[in-house]
Amino acid sequence: MRPLQTLSVLALSALSLASTGCIKKMFLEGQIEATSTASAAIDTLTDYEIAKVVAFNGIGQFEGMHYLAPDNEDALFALVKTWTSATFAFIEDELEDAEDAEGLEGPRYLYLKNRAAAGYDRGLQYGIQLLEIYHPGFEAARKNDDAMRAYTAQFTDAERDTPALFWAGYAWISKTNILKDDAAAVGDLWIGVALMERAVALDPKFMYGNGHTILGAYHARTAMAELDDAKKHFDQALAIHGGKMLLTQVQYAGKYHCLKGDKDSYVKALTAVVEAGDVLPEQRLANVVAKRRAVRYLGKVRMRECGF
């Protein structure tokens, strides 16, 4: 074979390999996007146990996709969302059950506490990676509140930025709630709040106003916190979804009405959740979770903790 012919063959081979690599990359990215979009189907499930299996299998699938495409934004978003939502819906649900059964020092409670903190932390790390892709500088902004507010002010695209800010903020606030006996974790709570407040400022109706629900729970974190602000956020969330996203009523009762010592409002809100029908088909799973919490909060242990 002549030298020129050899070079031509090598060039064609290299081009073929490069094209194959591009095709594989395009296929993987398309698969990630399609899987991420289709994962919303889990929100319509009513069987709690099936949903648990589906959710954690989905996490494994997205972890694998992220391993193959570490900078893919769809995979990062799917991971922060699924880790955070699955930890809240399933691990934290078991954690509350263990707390009621054996207290804060029981072995099952401590085991599940570590799992919940780790689940939220895993989601949070992916959320921070996604925020860094959109606007680098998150770590530097952590030095104080002014720096963080300046950082979050760069996020102005409501359609793209709101979901990333919401889920990262959700993971941060939820992790802190699990580690409320850890002074260092509590001391950084303001960071998660800043992320959530920016998400709500960009799109207050995102996730049926759940940003307001989360901020309402934050402002009702203790009897000495900002209870008037908590009530405003809970009421805004209810106005957005018309009472159909039942977790708002659960948090309203479990946080605000409990701290205010308002037994009538507490029982009324939780009873309404338990008795609600299929009021929001696209968020059936979230409402199933809300009903489980409502039943638990109407139990003797939680009622007694509220002083009822």
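Where is asparagine 72 found? Asparagine 72 sits in the loop between helix H2 (48–68) and helix H3 (73–102). Before I go on, a reminder that this is a predicted model.

Is asparagine 72 buried or exposed? Its relative accessible area is 10%, and the cut-off for buried is under 20%, so asparagine 72 counts as buried. One is the backbone nitrogen of aspartate 74, reached at 3.0 Å. Another is the backbone nitrogen of alanine 75, which lies 2.9 Å from a polar atom of that side chain. Leaving out residues up to four places away in sequence, asparagine 72 touches Glu29 and Ile32.

Next, the loop between H9 and H10. Helix H9 covers 189–202 and helix H10 covers 210–219, and methionine 207 is in the loop between them. Tyrosine 208 is in the loop between H9 and H10 as well. What is the phi of methionine 207? The value is near 55°, positive in a residue other than glycine. For tyrosine 208, also not a glycine, phi is positive at about 60°. Tyrosine 208 has a relative accessible area of 25%. Buried would need under 20% and exposed over 50%, so tyrosine 208 is classed as partly exposed.

How many cavities of 30 Å³ or more does a search of the whole structure find? The search finds one, and the space in this largest cavity is about 40 Å³. The lining consists of Thr162, Phe166, Ala199, Val200, Asp203, Pro204, Phe206 and Gly211. H7 and H9 are the elements that give two or more residues to that lining. By residue class, the lining of the largest cavity has five nonpolar, two polar and one charged.

Last, an open site: the second largest pocket, with a volume of about 180 Å³. Which of its 13 lining residues are closest to the centre? They are Asp121, Leu124, Arg142, Trp172 and Lys175. Helix H4 (107–134), helix H7 (158–178) and helix H8 (183–187) each supply at least two residues of the lining. H4 gives the most, with four residues. The lining of the second largest pocket divides into six nonpolar, two polar and five charged residues.

To put the two sites side by side: H7 is among the elements that line the largest cavity, and H7 also supplies residues to the lining of the second largest pocket. That is the end of my part.

Conventions. Residues are numbered from 1 along each chain as its sequence is written. This is a predicted model: local features need pLDDT of at least 70, side-chain atom pairs count only at pLDDT 80 or more; totals for chains, interfaces and linings use all residues. Side-chain values use heavy atoms; hydrogens and water are left out. Buried means under 20% relative accessible area, exposed over 50%, partly exposed in between (1.4 Å probe, protein chains only). On a 1 Å grid over the protein atoms alone, a cavity is a set of points where a 1.4 Å probe fits but cannot get out, and a pocket is an open set with protein on both sides within 12 Å along at least five of seven lines; lining residues have an atom within 4 Å of a point. Grid points are joined across faces, edges and corners, and a volume is the space filled by probe spheres set on the points. Ala, Val, Leu, Ile, Met, Phe, Trp, Tyr, Cys and Pro count as nonpolar, Asp, Glu, Lys and Arg as charged, and the others, Gly among them, as polar. A polar contact is a pair of N or O atoms within 3.5 Å; within protein, one must be able to donate a hydrogen and the other to accept it, and residues adjacent in sequence count only if both atoms are side-chain atoms. Contact means heavy atoms within 4.5 Å.
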